[in-house]
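Please find below a note on the model under review. The points are numbered so that each can be taken up separately.

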Amino acid sequence: MAEKLLAVKGMNDILPPDSARWEWLEDKVRQLMSRYAYRNIRTPILEHTQLFVRGIGEVTDIVEKEMYSFEDRSDKHGDHAHLTMRPENTASVVRAVTEHNLLYEGGKRLYYMGPMFRRERPQRGRYRQFHQIGAEALGFGGPEVDAELILLAVALWKALGLTDWRLEINSLGQPEERAQHRERLIAHLQAHEGLLDEEARRRLHSNPLRILDTKNPAMQAVVESAPRLIDFLGPQSLAHFEALQAILDANGIAWTLNPRLVRGLDYYNLTVFEFVTDRLGAQGTICAGGRYDYLIGQMGGKPAPAVGWALGVERVLELVKELGQGDALPVPDAYAVIPETAALPLALRTLQALRAEGVSVQMHAQAGLGAEGMGSMKSQFKRADASGARFALIFGASELAQGCVAIKPLRAGKDDSLAAQTLQKLDDVAAWAEGLRA
Ligand code: ATP
Ligand code: MG
């Protein structure tokens with residue numbers, strides 16, 4: 001036998017029955033996004049590497065070490081393209097919005113779902129191909145949109161039955177406030193240089209704010225005693241932050257201020273937030289976002305404010321699964337038992353009509369190479385049972401000779417009057433289809 005081929009490490013197949021939970025979540029998301037009037041956007045998985053270098057920032061985990069990048073073969077003009085599989089979707093959304101001039105008539109509310117790629121060490125809740133669902137509101141500068149996005153996420157947790165989360169918020173202020181804080185932060189970190197790990201020392205001058213985000217326990221003390229960015233905010237930044245808090249409070253949303261919340265990406269200002277759970281071990285952040293008022297301008301667009309979040313689908317689904325939500329397995333309404341191949345044309349015509357009436361039907365089909373016939377009635381009924389269907393449709397020769405199909409309830413109790421097998425007319429499917437639908 002030929003050697004079995006396996007998937008790439010850190011990249012997962014999503015198989016039934018788990019895939020049903022994915023679809024369940026995606027349905028909830030679509031419903032909710034439409035209630036908040038967010039519209040779907042789909043951008044390519046491959047983009048020019050430069051998009052992410054500029055959009056995410058050179059001194060970030062993603063751009064420094066996590067991107068899947070390659071040089072494309074030159075086309076007939078001899079152009080090489082440096083391409084990267086998107087590690088996140090905000091930069092692409094900003095590119096698309098700018099490229100197609102979408103903010104021409106005012107702000108846009110957009111959402112996306114799809115795979116992202118990062119070369120990280122695979123572990124629980126951390127994969128190399130993973131999925132994000134994200135919402136972005138572009139062209140709006142007020143705290144009400146920050147609040148709307150947070151309320152949208154909270155509504156999603158509710159729809160998914162998730163209760164074990166907490167919301168952490170912070171404000172990163174504006175660039176000039178960050179610059180003042182940065183000086184004091186560098187001074188503090190330099191004063192304790194002996195306690196910094198290698199990465200922190202490397203980032204001391206390039207991206208000191210990110211050092212506050214460290215997961216290294218040995219550095220917690222230095223980081224906790226560091227000057228807080230929130231103490232450097234001017235009145236305007238504070239007003240924005242307080243207005244957001246007031247809206248959250250009025251909606252009964254509990255939040256905590258985490259002055260060390262700085263987010264992994266470079267482009268944020270003012271509001272940043274994370275939804276965190278304690279149920280997933282070290283990978284406890286299920287959703288993260290914030291305001292990025294300078295990114296559009298930085299990417300060559302006409303400057304416009306924006307805010308958004310992205311959630312990690314695998315992490316959210318692990319939580320959903322742990323709480324026993326979204327577990328209803330899809331089952332067909334009926335299973336078609338077809339004793340002889342001669343019955344196939346009529347059977348398939350009937351099934352087609354049933355499905356057009358909204359009945360879901362699983363058809364028995366020949367196993368193996370197909371020369372062996374339909375299989376015994378016993379084995380067909382075993383399959384019918386295993387499918388979970390409530391009815392078997394039996395396309396036997398004697399039924400067909402009367403222009404009928406037999407309908408046998410598979411799940412009714414013994415003394416149930418519904419347990420009786422009935423005959424139904426093939427040429428009048430619409431009349432009895434409804435009785436089969438769940
Ligand atoms: P982390 O600190 O866990 O690496 P991050 O700051 O890199 O997260 P973001 O870029 O903000 O994450 O992505 C938003 C969300 O996407 C995260 O909160 C998380 O739920 C999810 N996520 C990020 N990276 C991965 C990954 N490699 N595998 C699975 N989910 C991920
Ligand atoms: Mg990361």
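1. Basis. The model is predicted: local features need pLDDT of at least 70, side-chain atom pairs count only at pLDDT 80 or more, and totals for chains, interfaces and linings use all residues. Residues are numbered from 1 along each chain as its sequence is written, chains are lettered from A and ligands numbered from 1 in the order in which they are written, and side-chain values use heavy atoms, with hydrogens and water left out.

2. Ligand shell. Ligand 1 is surrounded by 15 residues, where a residue counts as near if one of its heavy atoms lies within 4 Å. Arg118, Glu120, Arg126, Arg263 and Thr285 are the closest.

3. Polar atoms at the ligand. The side chain of Arg118 places an N or O atom 2.8 Å from an oxygen atom of ligand 1. For Arg126, a polar side-chain atom is 2.8 Å from an oxygen atom of the ligand. Tyr127 takes part through its backbone, with a polar atom 2.9 Å from a nitrogen atom of ligand 1. The cut-off for a polar contact is a pair of N or O atoms within 3.5 Å.

4. Burial and origin of the shell. Ligand 1 taken alone exposes 580 Å², of which the protein buries 90% (Shrake-Rupley method, 1.4 Å probe). The elements giving two or more residues to the shell are β6 (129-138), β10 (285-291) and β11 (306-312); β10 has the largest share, three residues. Helices (H or I, at least four residues) and strands (E, at least two) are DSSP runs, numbered from the N terminus.

5. Helix pair. The axes of α2 (residues 49-56) and α4 (residues 90-99) come within 9 Å and cross at roughly 105° (lines fitted to C-alpha atoms over the stretch in contact, angles from 0 to 180 degrees between N-to-C directions). That makes α2 roughly perpendicular to α4, the term covering 65 to 115 degrees. Leu51, Phe52 and Gly55 in α2 meet Ala91, Ser92 and Arg95 in α4, contact being heavy atoms within 4.5 Å.

6. Backbone. Pro16 and Pro17 are joined by a cis peptide bond with omega about 5°; Pro17 lies in the segment before α1 (18-35). Asn101, a residue other than glycine, has a positive phi near 55° and sits in the loop between α4 and β5 (108-117).

Terms used:
Polar contact = N/O pair within 3.5 Å; in protein donor to acceptor, adjacent residues only side chain to side chain. Parallel < 35°, antiparallel > 145°, perpendicular 65-115°, else oblique.
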